[in-house]
Amino acid sequence: MSFISYLVTGISLGSVYAIIALGYTMVYGIAKMLNFAHGDVIMVGSYVVFVAVSNMGVNPYVAILISMAVCTILGMTIEKVAYKPLRGTSPLAVLITAIGVSYLLQNLALLIFGADTKAFTSVVTLPNLVLFEGQLTISGVTIVTVVACIIIMVCLTLFVNKTKPGRAMIAVSEDKGAAELMGINVNGTIALTFAIGSALAAIAGVLLCSAYPALTPYTGSMPGIKAFVAAVFGGIGSIPGAMIGGIILGVIENLSKAYISSQMADAIVFAVLIVVLLVKPTGILGKNIQEKV
Amino acid sequence: MALLEVKNLGISFGGLRAVNAFDIKIEKGQLYGLIGPNGAGKTTIFNLLTGVYKPDEGSVILDGVNITGKKTIEINKAGIARTFQNIRLFKDMSVLDNVKVGLHNHHVYSTVEGIFRLPRYYKVEKEMNEKAMELLRVFELDKEADTLAANLPYGKQRKLEIARALATNPKLLLLDEPAAGMNPNETQELMKTIRFVRDHFDMTILLIEHDMKLVSGICEKLTVLNFGEVLCQGETKEVLNHPEVITAYLGE
Amino acid sequence: MKKMSKVTKNNLITYAMVIAAYIVMEILLKTGHVSSLLQGLLVPLCTYVILAVSLNLTVGILGELSLGHAGFMCVGAFSSALFSLTTKEAIPNGGLRFLIAILIACVAAAVCGVIVGIPVLRLKGDYLAIVTLAFGEIIKNLVNAIYLGIDSKGFHFSMKDTISLNLEPEGKVLIKGAQGITGTPHSSNFTIGVILILITLIIVNNLVHSRTGRAVMSIRDNRIAAESIGINITKYKLIAFTLSAAMAGVAGALYSHNLATLTALPKNFGYNMSIMILVFVVLGGIGNMRGSVIAAVVLTLLPELLRGLSDYRMLIYAIVLIVMMIFNWSPAVLDMRKKLAAKLKKNQTEKEA
């Protein structure tokens, strides 16, 4: 039974990774950049909920909406101020700028909230699910996380494939120049992608902090990196890939923590990534593009 | 014996038959043209000859050595060098260094000798500089030796690519649309250069070209490709007057 | 021939700058004008410079993005510290011992470079970056899980804890898992650091302007063309990557012999460190070795110079980083700078006329 319990928690952790990875994968697909600051947007989103609920007594669900709005604005602002001026130059330059933004957000949070760990009160009020006469307990947070992940995934897939702005995203990610010639507002589409990715980051932040209630200015950075690994794992640019990658990663991490060594869990996760990339260099669902001679 | 003898070469991509039953025989010192409409499979043949693609069937014999299915670098060492349709220079390196990379396998010293500047480094570098400058002079690029390759005008970039290919001391030189993007004057000059390369280096040249003036002007023999298959092969004049070739080019 | 001399001149200027900075610093030190804080920063500063130059070999010359450079530094730091700790008695000559330790760090990191490089260099672009990041994290995690002890029977190794080493009572624990290595002799100093910087610079500059360096750069500029003229892609990628790793190992040795206790923390050997080095490289100019040296020095000293601003210093650092990137890379800003420069020049000539 304990195996199933670990597996379920793994899936739940993986669902959080998947939601963050969606933000990475969409931004990468469309702007061809590693948005290193994405993990820190999660942290900002969590602090917003924390302040709203603990200090101002706002209803948790309203707090989530506020957090999503703040993160959306934050994401779009970062894009406009820091990334847009560098569009079309070396991807390395954009990467370093993203790192700068990441430092900026972390240190801003450090200044405002201090370095001490804040105890995040879970916003999920769903009771635990007790199965098999008490042998298996699944927490409410776990259920909500997995359900939220599935809903987001379905909505996002529908949005990208069925709506006009969604298809514009696909077009821009395939060929920016051609999309522009077809009358697609490339800048608007990229801004929209950042907006969606950041709103998802807010949700991921809340879910993450509900499951692991310790909030610091650095809360977002490791999950951010792992979510990026998950996105690469599943094939960067692919929405179902991010989902699969995130969940596999979460499960591997949790099972290694439980059965091998909690210290080596991260190493094992990264080792699996390396093996996957060596076998399939563009990730599980990634497209293989050959250079034309 | 012919310098290059290709028999029954073929390759498919997915379900598409890109090249089928391709034969060619090129004598030493010949200037040979490979022509055909867009998408006929000309560049694919170059890629097959240079090991970028592995052929599904057929054989490639260069100067008596079977090089079928070998790797690109082995084929270059065996004696085939090429240029590319979309120029592929080492853009952030100087013109001189572009040619010196071409000399890589003929003027050798080890990495350690290079790092610690041992005597052989100076000796071999001097040889390389002399050889490279000699090649650059042939193409009238010696004045631009220190310029970054990316900053050369278009026509000179094409020439540098040829110089770099020649630096590898090939037996057979493949030129992929050398006149693409050139104006008539530049094309005239290029024709002179190609002829000069053949005579000066005693080179065998196979070239892909769309410019009929260039083809009829310098090629001694032609192979016409259509839909991946040889349509017609022979002396330039005969081939160009062949009714099927005219149809393939101009339509019914 | 003329070009050779130009390149040589350029390199000599870089070396002269390093030596001049060293002399100035030494004079300041001797006359007591250097705060103890800055004194403590000198060896780490040398470490960062070496790391930046060596990473620039991978990023600027080989043209591949590596986010795991700190991992190689970690290997060098721990292997050399372990050597110095165990041979403290056997080799009483501190200088000789440190020299051997540096060579061990170099070889250990190079071996890791080969092991990592063979699979990793098959990948491209961002995939390569993420896998190097993964390798760096794995190395850091592994080091944190290692327990190593020594007694009369020899070495004892465990991945669990000190007790499972089963040491004899007089045995000594060398690596204590996450608590790392304690008691490494303090062999590093500023002078050795500067000498190592110069050696690193000479090796990289000489490599770049040699047959090997040209082969590596040709792969960076156009892999397909390089292959077509007979360049062995795998071989030269691996040479550059391994050399880069080896020099990071040397930096690690310098770093570890400056600390009484060496632990593998996210901030010194994690991806944060790798990224910091990458920041030096990109800001200093990709492929520009002198730029790497300057960027590493300025950016390391900047937070210290801003110490008066205490809490705001890292914030300012972040803003400076973003602004500098936009100033140096944004097409719009570059355009504006060009126009401004042209205008200034025009005004100058008008004035002269």
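How many salt bridges does the rule find across the interface of domain 1 of chain B and domain 2 of chain B? The tour below reaches the answer at its fourth stop. The structure on the screen is a predicted model.

**Stop 1: chain A**

Now show the side chains of Lys226(A) and Glu253(A). These two meet in a salt bridge, with a distance of 3.3 Å from N to O. The pair links distant parts of the chain, for Lys226(A) belongs to helix H9 of chain A and Glu253(A) to helix H10 (residues 239-259) of chain A, 27 residues apart. Over all chains, the structure holds 25 salt bridges.

**Stop 2: chain C and its interface with chain A**

Along the principal axes, the C-alpha atoms of chain C fill a box of roughly 90 × 60 × 40 Å.

Next, select the residues of each chain that touch the other. Here 44 residues of chain A are in contact with 45 residues of chain C. Between them, chain A and chain C bury about 3900 Å², and 80% of this area is on carbon and sulfur atoms. Highlight Ile96(A), Tyr103(A) and Leu278(A): together they supply 15% of the area that chain A buries against chain C, more than any other three residues.

Which polar links cross this interface? Between chain A and chain C the count is 0 salt bridges. Across the interface of chain A and chain C, the rule finds 3 residue pairs in polar contact, both residues being at pLDDT 80 or more.

Colour the helices of chain A that take part. Helix H3 (60-83), helix H4 (91-113), helix H9 (221-234) and helix H11 (265-279) of chain A each supply at least two residues of the side that touches chain C. H4(A) gives the most to that side, with 13 residues. By class, the side of chain A that touches chain C has 33 nonpolar, 8 polar and 3 charged residues.

**Stop 3: chain B and its domains**

Hide chains A and C and select chain B. Chain B has 10 helices and 10 strands. Its radius of gyration is 19 Å, close to the 18 Å that the globule rule gives for 252 residues, so chain B is as compact as a globular protein of that length. The C-alpha trace of chain B spans about 65 × 40 × 35 Å along its principal axes.

The domain assignment of chain B gives domain 1 as 1-79 + 170-252 and domain 2 as 93-164. Their C-alpha centres lie 28 Å apart.

**Stop 4: between the domains of chain B**

Keep both colours and look where the domains meet. In this region, 17 residues of domain 1 of chain B are in contact with 10 residues of domain 2 of chain B. The area buried between the two domains is about 960 Å², of which carbon and sulfur atoms give 70%. Select Met182(B), Thr193(B) and Phe201(B), which supply 29% of the area that domain 1 of chain B buries against domain 2 of chain B, more than any other three residues.

The opening question can now be answered: across the interface of domain 1 of chain B and domain 2 of chain B, the rule finds 1 salt bridge. To see a salt bridge in chain B, show Glu189(B) and Lys159(B), whose closest N and O atoms are 2.7 Å apart.

Finally, colour strand S7 (172-176) and helix H7 (184-201) of chain B. Each supplies at least two residues of the side of domain 1 that touches domain 2. H7(B) gives the most to this side, with 8 residues. By class, the side of domain 1 of chain B that touches domain 2 of chain B has 9 nonpolar, 3 polar and 5 charged residues.

Key. Residues are numbered from 1 along each chain as its sequence is written. Chains are lettered from A and ligands numbered from 1 in the order in which they are written. Side-chain values use heavy atoms; hydrogens and water are left out. Domain bounds come from an automatic or database domain assignment. Contact means heavy atoms within 4.5 Å. Buried area is the accessible area (1.4 Å probe) that two parts lose on being put together, summed over both. A salt bridge is a side-chain nitrogen of Lys or Arg within 4 Å of a carboxyl oxygen of Asp or Glu. Helices (H or I, at least four residues) and strands (E, at least two) are DSSP runs, numbered from the N terminus. Ala, Val, Leu, Ile, Met, Phe, Trp, Tyr, Cys and Pro count as nonpolar, Asp, Glu, Lys and Arg as charged, and the others, Gly among them, as polar. A polar contact is a pair of N or O atoms within 3.5 Å; within protein, one must be able to donate a hydrogen and the other to accept it, and residues adjacent in sequence count only if both atoms are side-chain atoms. The radius of gyration is taken over C-alpha atoms; the globule rule is 2.2 Å times the number of residues to the power 0.38.
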